[in-house]
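Thanks for coming. I will go through one model this morning, a few places at a time.

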Amino acid sequence: MSGERCFRNPYCDYNEDVHGNSNEYVSKETVLTLIKTYVDMILSKKHETPRDDLYVGAAGTAFMFWKLSRSPATAKAYPCLDHAAMYIDLAKTIATGKGQSNKRTVAFLCGNAGIAAVSAAISDARGNKQDAAKDVEEFLEGFRVCTTDDNCDDEVLVGRAGYLHGAYWLNQVVQPKPIANVDVEKVCETIMRRGREYASKQRSASPLMYAYHDKEYLGAAHGICAILHALLESRWFLSSEDGKLKNVSSAKVADIKNSIDYVLSLQSDDGNFPTRPDSDRMLVHWCHGAAGAIYLLAKAYLTFKEERYLEGCRKCANTIWARGLLRKGPGICHGVAGNGYAFLLMYRLTGERRYLYRAQKFAEFFTTSTFSARVLAPDRPYSLYEGLSGTVCFLVDILDPTTASFPFMDVFESKVNAHNDE
């Protein structure tokens with residue numbers, strides 16, 4: 001990775017003798033000031049016509065305000081749910097003008113599924129149960145498409161894996177949990193079938209492999225990492241009281257686990273991953289590279305309890321610390337906040353202050369003059385995945401790192417739901 005892609009990290013790494021046992025390496029006041037500055041910048045542009053989707057559109061900003069409403073530190077700073085409702089209504093209006101298609105029905109980050117899911121969460125938070133139920137019904141239309149239309153993709157932005165991550169998130173934030181296990185398992189079965197068929201046809205070294213626009217990717221945005229992560233989040237991988245997996249066949253376990261091991265085998269000595277299996281291009285992004293792969297490895301560690309997955313996570317975190325202050329701006333897809341989220345993951349995974357320190361130092365970097373010149377660098381500088389809306393989410397999670405999670409990718413969330421569909 002060229003040094004031109006990132007700023008030199010100006011901070012010394014954590015040292016217990018120097019930094020002690022504090023949990024505050026950047027002040028709460030500094031973080032709150034940054035949140036206010038960025039939210040005010042976003043609101044100043046509210047009359048501009050954005051895209052509709054979660055990735056860079058109005059739905060993503062709606063999600064940000066929903067997240068602000070859930071934090072005791074920020075809930076009263078703005079009429080958060082009112083703003084969230086305004087932005088999600090705008091997203092729906094724009095989406096209606098685009099019409100409906102199977103692709104938009106399934107697409108979570110870049111289509112109607114994500115808009116419906118966030119709208120359901122906002123309606124539920126406002127006590128509008130009837131509206132929330134309608135939004136859930138719209139989201140549920142995607143299950144039929146996922147299992148019947150082989151023209152749909154499997155990746156996260158527009159495909160089945162993203163749809164599954166959205167389903168898991170809905171079960172996390174809306175009560176009673178609206179997504180049935182049986183529906184999730186049907187999508188998982190489809191993903192497994194397609195991955196096996198493609199891998200066999202291409203004679204892949206991995207039992208499961210996938211292509212997006214005829215190219216095999218590894219990363220979290222378009223590649224196998226987030227697809228395998230979505231499978232690991234399913235009920236198949238519930239553990240019984242003796243710690244053994246249940247509800248999943250040994251053949252499925254073997255193919256998924258061996259595919260994860262294939263990905264791990266591609267990790268470089270410095271901890272990063274190539275963008276594609278046949279490429280030597282390395283990016284330290286959530287979308288391509290260590291900052292996205294770390295979520296798969298963390299989930300594998302929690303599922304299989306094997307130290308090599310945790311070691312893979314540590315190597316990811318080290319390369320992110322060294323080269324993660326990106327010049328592309330503040331966003332969570334390929335920006336500083338997205339890379340900072342990896343340290344919050346590691347803090348929850350290990351409890352080690354080293355990772356809390358690193359996350360807070362990435363937040364502190366937003367206060368520097370070096371970074372301020374790049375704050376509006378992305379094409380969509382106020383959006384969730386490229387810009388300030390995602391940055392605000394990261395800063396909110398800095399305030400309570402014990403519950404922090406990258407949007408729609410909480411590896412610690414239980415898969416048990418309220419449906420009796422054994």
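Phe408 lies in the segment after α17. Before going on, the ground rules: this is a predicted model, in which local features need pLDDT of at least 70 and side-chain atom pairs count only at pLDDT 80 or more, while totals for chains, interfaces and linings use all residues. Residues are numbered from 1 along each chain as its sequence is written, and side-chain values use heavy atoms, with hydrogens and water left out. Helices (H or I, at least four residues) and strands (E, at least two) are DSSP runs, numbered from the N terminus.

Back to Phe408. Its phi is near 65 degrees, a positive value in a residue other than glycine. As a reminder, most residues other than glycine have a negative phi, and most peptide bonds are trans. Phe408 has 7% relative accessibility and therefore counts as buried. On that scale, buried means under 20% relative accessible area, exposed over 50%, and partly exposed in between, with a 1.4 Å probe and protein chains only.

A positive phi turns up at His213 too, near 55 degrees. His213 sits in the loop between α9 and α10. Is His213 buried or exposed? With a relative accessible area of 57%, His213 is exposed.

There is also a cis peptide bond, from Gln175 to Pro176, with omega near -5 degrees. Pro176 belongs to the loop between α8 (160-173) and α9 (181-202).

Next, Asp410, which is in the segment after α17 (388-399). Asp410 is buried, because its relative accessible area is 12%. Which partners does the Asp410 side chain have? One is the side chain of Gln172, in a polar contact at 3.3 Å. The Asp410 side chain also reaches the backbone nitrogen of Phe412, at 3.0 Å. A polar contact here is a pair of N or O atoms within 3.5 Å; within protein, one must be able to donate a hydrogen and the other to accept it, and residues adjacent in sequence count only if both atoms are side-chain atoms. If neighbours within four places in sequence are set aside, Asp410 is in contact (heavy atoms within 4.5 Å) with Gln172, Glu233, Arg348 and Ser405.

Asn318 is in helix α13 (residues 307-323). Its relative accessibility is 38%, so Asn318 counts as partly exposed. The Asn318 side chain makes a polar contact with the side chain of Arg358, at 3.2 Å. Asn318 and Asn272 are 46 residues apart in sequence, and their C-alpha atoms are 9.2 Å apart.

Last, a helix pair. Helix α10 (residues 224-232) and helix α12 (residues 290-304) have axes that come within 9 Å and cross at roughly 30 degrees. The axes are lines fitted to C-alpha atoms, for helices over the stretch in contact, and angles run from 0 to 180 degrees between N-to-C directions. α10 and α12 are therefore roughly parallel to each other; angles under 35 degrees count as roughly parallel, over 145 as roughly antiparallel, 65 to 115 as roughly perpendicular and the rest as oblique. From α10, the contact is made by Cys225, Leu228, His229 and Leu232, and from α12 by Ala293, Tyr295, Leu296, Lys299, Ala300, Thr303 and Phe304. The residues of this contact divide into eight nonpolar, two polar and one charged, where Ala, Val, Leu, Ile, Met, Phe, Trp, Tyr, Cys and Pro count as nonpolar, Asp, Glu, Lys and Arg as charged, and the others, Gly among them, as polar.
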